[in-house]
Amino acid sequence: MATNRTFTMIKPDAVENGHIGAILEKINAAGFRIVALKQTQMTTRDAEAFYAIHSERPFFGELVEFMTRGPIVAAILEKDNAVEDFRTLIGATNPAEAAEGTIRKLYATSIGENAVHGSDSDENAAIEGAFHFSGREQF
Ligand code: RTP
Ligand code: MG
């Protein structure tokens with residue numbers, strides 16, 4: 001299987017609740033290599049652009065409000081089959097439906113405040129990684 005990359009954010013709820021270390025530990029234990037990593041905060045304009053695909057959804061305003069309310073941790077991760085394996089590691093969007101041991105089952109609070117983001121395709125992983133990191137920040 002080819003080595004490829006995915007993009008993740010530890011969302012404001014998980015940062016507020018002190019889960020950065022535990023989530024990075026799970027990512028490490030699952031065999032992902034950290035290519036890029038930083039704590040940052042998205043502006044309203046950043047979040048509206050990042051989540052533009054959801055702009056017509058009823059939860060869009062709430063999502064932008066949530067994702068901008070405090071710092072996030074952004075990262076690019078590398079592994080065989082990275083996008084799919086990372087989505088397995090984080091679990092379903094709604095933590096109530098997430099499998100035991102997944103990051104969302106362990107650390108998410110609700111369907112909206114669900115602790116982590118994971119790219120849904122190789123193409124989006126590249127776009128989302130480039131949204132947050134320059135080439136010189138990737139190793
Ligand atoms: P993500 O993009 O953050 O990895 O999550 P996902 O693919 O599992 O879910 P997606 O459908 O892409 O939704 C993006 C984020 O919007 C929030 N959301 N809120 N209140 C709601 O019904 C609702 N539905 C989605 C979540 O933060 C979700 O992760
Ligand atoms: Mg998504």
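**Entry 1: overall dimensions**

I began with the radius of gyration, taken over C-alpha atoms. The chain has 14 Å, which agrees with the value near 14 Å for a compact globule of 139 residues; the globule rule is 2.2 Å times the number of residues to the power 0.38. Along the principal axes, the C-alpha atoms fill a box of roughly 40 × 35 × 25 Å.

A note to myself on what I am looking at: this is a predicted model, in which local features need pLDDT of at least 70, side-chain atom pairs count only at pLDDT 80 or more, and totals for chains, interfaces and linings use all residues. Residues are numbered from 1 along each chain as its sequence is written, while chains are lettered from A and ligands numbered from 1 in the order in which they are written.

**Entry 2: the elements**

I went through the secondary structure next, using DSSP runs numbered from the N terminus (helices are H or I with at least four residues, strands are E with at least two). I found seven helices and four strands in the chain. Their order from the N terminus is β-α-α-β-α-α-β-α-α-β-α.

Then I looked up contacts, where two residues count if their C-beta atoms, placed from the backbone, lie within 7 Å. Of the contacts between residues at least 6 apart in sequence, 72% join residues at least 24 apart.

**Entry 3: burial and the core**

How much of the chain is buried? I get 34% of the 139 residues. For this, a residue is buried if 20 or more other C-beta atoms lie within 10 Å of its own, exposed if 12 or fewer, and partly exposed in between, with C-beta atoms placed from the backbone.

In soluble globular proteins, nonpolar side chains tend to be buried together. I therefore searched for nonpolar cores, meaning sets of buried Ala, Val, Leu, Ile, Met, Phe, Trp, Tyr and Cys residues joined through C-beta atoms within 7 Å. The largest one has 29 residues, and Ile10, Ile23, Leu77, Ile103 and Val116 have the most contacts inside it. At least two core residues each come from strand S1 (3-10), helix H2 (20-29), helix H4 (60-67), strand S3 (72-80), helix H5 (82-90) and helix H6 (103-107). S3 gives the largest share, six residues.

Beyond its neighbours within four places in sequence, Ile103 contacts Ile23, Lys26, Leu89, Ile90, Gly91, Ala115 and Val116.

**Entry 4: around ligand 1**

Which residues are around ligand 1? I listed those with a C-beta atom, placed from the backbone, within 6 Å of the ligand: His54, Phe59, Leu63, Thr93, Ile111, Gly112, Asn114, His117, Gly118 and Asp120. By class, I count three nonpolar, six polar and one charged. Here Ala, Val, Leu, Ile, Met, Phe, Trp, Tyr, Cys and Pro are nonpolar, Asp, Glu, Lys and Arg are charged, and the others, Gly among them, are polar.

**Entry 5: annotated residues**

I checked the UniProt entry, which is unreviewed; it lists residues 3-137 as "domain: Nucleoside diphosphate kinase-like". UniProt positions are in the numbering used here, feature names are shortened, and annotations may be inferred rather than shown by experiment. The span 3-137 is 41% helix and 21% strand, and its end C-alpha atoms lie 19 Å apart.

The same record puts "active site" on His117. I found His117 in strand S4 (residues 116-118). His117 counts as buried because it has 20 C-beta neighbours inside 10 Å. Not counting residues up to four places away in sequence, His117 touches Thr8, Met9 and Lys11.

"Binding site" in the record covers Lys11, Phe59, Arg87, Thr93, Arg104 and Asn114. Is Phe59 buried or exposed? With 12 C-beta neighbours inside 10 Å, Phe59 counts as exposed, and it sits in the loop between helix H3 (44-50) and H4. Arg104, in helix H6, is buried, with 24 other C-beta atoms within 10 Å.

**Entry 6: positive phi**

Most residues other than glycine have a negative phi. I noted Ala115, with a positive phi of about 75°, in the loop between H6 and S4. Ala115 counts as buried, with 27 C-beta neighbours inside 10 Å. I also noted Asn81, with phi near 55°, in the loop between S3 and H5. Asn81 is partly exposed, with 13 other C-beta atoms within 10 Å.
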